[in-house]
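Here are some friendly notes to read alongside the model.

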Amino acid sequence: MTVRQNLSSKLKDPTLAVDKALIAGEWVPVSDSGGTFDVSNPSTGEILATLPDMNRTETKRAIAAAHKAQKVWAKKTGKERAGVLRKLFDLMIDNVDDLATILTLEMGKPFAEAKGEILYGASYVEWFGEEAKRLYGDVIPGHLSDKRIMVIKQPVGVVAAITPWNFPNAMLARKMAPAIAAGCAMISKPAAQTPLSALALALLAERAGVPAGIFNVILSKDSPSVGREFTDNDKVRKLTFTGSTEVGRILMRQGADQIMKLGLELGGNAPFIVFDDADLDAAVEGAMVSKYRNNGQTCVCANRLYVQSGIYDAFARKLADRVSSIKVGDGFEAGVAAGPLIDSKALAKVEEHIQDAVSKGAQIAVGGKRHEKGALFFQPTVLTGVTTEMKVAREETFGPVAPLFRFETASSSLAKAGRDRNTA
Ligand SMILES: NC(=O)C1=CN([C@@H]2O[C@H](COP(=O)(O)OP(=O)(O)OC[C@H]3O[C@@H](n4cnc5c(N)ncnc54)[C@H](OP(=O)(O)O)[C@@H]3O)[C@@H](O)[C@H]2O)C=CC1
Ligand SMILES: O=C(O)CCCC(=O)O
């Protein structure tokens with residue numbers, strides 16, 4: 001397929017811009033169906049690459065290859081596997097600028113934040129690589145005098161991973177590194193919006209000596225069909241997924257037939273509580289970091305800010321003031337702290353949540369509108385006068401909106417924080 005100049009020309013090592021899937025150690029340029037999909041830059045709308053659009057047949061082939069390769073990989077010692085992961089860690093650090101450039105181009109987050117994500121992703125590779133040497137078992141006192149009970153740890157086998165667009169490097173590194181360290185093989189399906197970070201990571205893994213078939217990357221816009229193969233194929237022994245609660249539910253249902261081991265990291269709607277006696281500056285700073293990280297597109301972002309009556313107005317003023325100074329723009333522009341939203345669906349959800357809150361009586365303290373920087377940019381927003389009837393109380397906005405709920409007593413805030421959680 002093709003990588004455009006606007007991607008490869010920005011890299012010190014242009015070979016890290018990959019336009020092929022990785023199946024059984026082969027870089028595959030064309031899908032069985034001949035279909036393709038484009039990856040674009042959410043800041044500019046420019047197309048960065050055109051990739052093969054795969055489905056169940058390619059996924060099945062990748063699983064079969066992983067199943068075969070895993071048996072050999074599992075026989076390596078922990079030290080041998082650790083050595084390979086250490087090389088991958090070193091390569092990630094050596095190529096941090098290029099990996100972060102790819103990430104900012106396809107996802108939009110500010111370059112400094114993207115670099116932080118690569119270091120974060122690399123830390124998983126380093127940590128789990130080291131742990132490969134420490135896969136100890138247990139000896140447990142027996143229930144009869146002639147019995148000795150031993151626990152040994154063994155790789156589960158082939159692991160499938162479905163990863164989201166909000167942390168395209170770190171979420172994959174967090175899944176791939178422990179699997180490979182333990183002697184498993186992995187087939188990953190990155191989000192169609194951000195597959196280029198996964199491909200660059202897979203290329204570095206190949207350079208680090210991860211054997212053919214141990215780390216596969218399927219490219220597809222038809223995620224339900226790939227997900228179906230992951231859950232139906234009995235060679236896949238574990239599925240790890242980060243994404244929406246809704247898709248997590250679908251995968252859990254699908255995996256039930258073969259009682260599949262599942263690791264699900266889903267949506268959230270985290271509360272952030274500020275009491276009257278809080279240090280105002282520290283509370284505002286904490287809210288800024290927690291709410292506006294990655295432009296609010298993080299599952300652990302504070303989404304519901306409960307503020308006690310006595311400090312409510314001062315907190316709202318100070319937060320609105322800080323938020324109005326957030327520089328919005330292309331992630332490569334100096335000083336930018338908020339990039340675009342990932343796509344028009346995400347932008348529509350932010351607008352819908354604000355409209356719903358305002359129609360039910362909330363006020364916009366700052367922001368509330370699309371940003372002049374471009375189609376997917378939105379003004380960082382603070383809403384006051386928010387109540388539990390509004391959508392923001394129950395649904396994750398996944399955008400730069402801080403809704404401030406007022407409470408009187410500690411017990412009422414804790415009750416609300418527990419009750420209005422994400423049920424979407
Ligand atoms: N916990 C977290 O970190 C995340 C939470 N979210 C939450 O989810 C909301 C929606 O975001 P969205 O990107 O649509 O999240 P999704 O859950 O749709 O996407 C996450 C991943 O799952 C894949 N996927 C989607 N449908 C299926 C399926 N039926 N079977 C298998 N895989 C599937 C996607 O692939 P593809 O995109 O190619 O279709 C992507 O790789 C956000 O607003 C946020 O609330 C979203 C992302 C991350
Ligand atoms: O590990 C983190 O802090 C990022 C969480 C990514 C997410 O799932 O949103």
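Why does ligand 1 lie between domain 1 (2-265) and domain 2 (271-418)? Both domains give residues to the shell around ligand 1, so it lies between them. Please keep in mind that this is a predicted model. The points below take each ligand in turn.

1. Start with the surroundings of ligand 1. Its shell holds 26 residues, and the closest of them are T163, W165, S223, S244 and E396. By class, 12 of the shell residues are nonpolar, nine are polar and five are charged.

2. Next, look at which elements build that shell. Ligand 1 sits in the largest pocket. The elements that supply two or more residues to the shell are strand 8 (158-163), helix 8 (223-232), strand 11 (236-242), helix 9 (245-256) and helix 12 (344-359). Of the contributors, helix 8 gives the most, with three residues.

3. Now zoom in on the polar contacts of ligand 1. An oxygen atom of the ligand lies 2.9 Å from a polar backbone atom of A192. Taken alone, ligand 1 exposes 870 Å², and the protein buries 86% of that.

4. Ligand 2 has its own set of neighbours. The residues around it are Y120, N166, F167, M171, R174, T242, E265, R293, T298, C299 and V300. Five of these count as nonpolar, three as polar and three as charged.

5. In R174, an N or O atom of the side chain is 2.8 Å from an oxygen atom of the ligand. The corresponding distance is 2.9 Å for the side chain of E265 and 3.1 Å for the side chain of R293. On its own, ligand 2 has 280 Å² of accessible area, of which the protein covers 91%.

6. Finally, come back to the domains. Which domains supply the shell around ligand 2? Domain 1 (2-265) and domain 2 (271-418) each provide at least three residues to it. For ligand 1, too, both domains give residues to the shell.

Definitions and conventions. Residues numbered from 1 in each chain as written. Chains lettered and ligands numbered in written order. Predicted model: local features only at pLDDT ≥ 70, side-chain atom pairs only at ≥ 80, totals over all residues. Heavy atoms only, no water. Near = heavy atom within 4 Å. Polar contact = N/O pair within 3.5 Å; in protein donor to acceptor, adjacent residues only side chain to side chain. Areas by Shrake-Rupley, 256 points an atom, 1.4 Å probe, with all protein chains shown as cover. 1 Å grid on protein atoms, 1.4 Å probe; cavity = no way out; pocket = protein on both sides within 12 Å on 5 of 7 lines; lining within 4 Å. Sits in = over half its atoms within 2 Å of the grid points. Helix = DSSP H or I, 4+ residues; strand = E, 2+ residues; numbered from the N terminus. Nonpolar A, V, L, I, M, F, W, Y, C, P; charged D, E, K, R; others polar. Domains from an automatic or database assignment.
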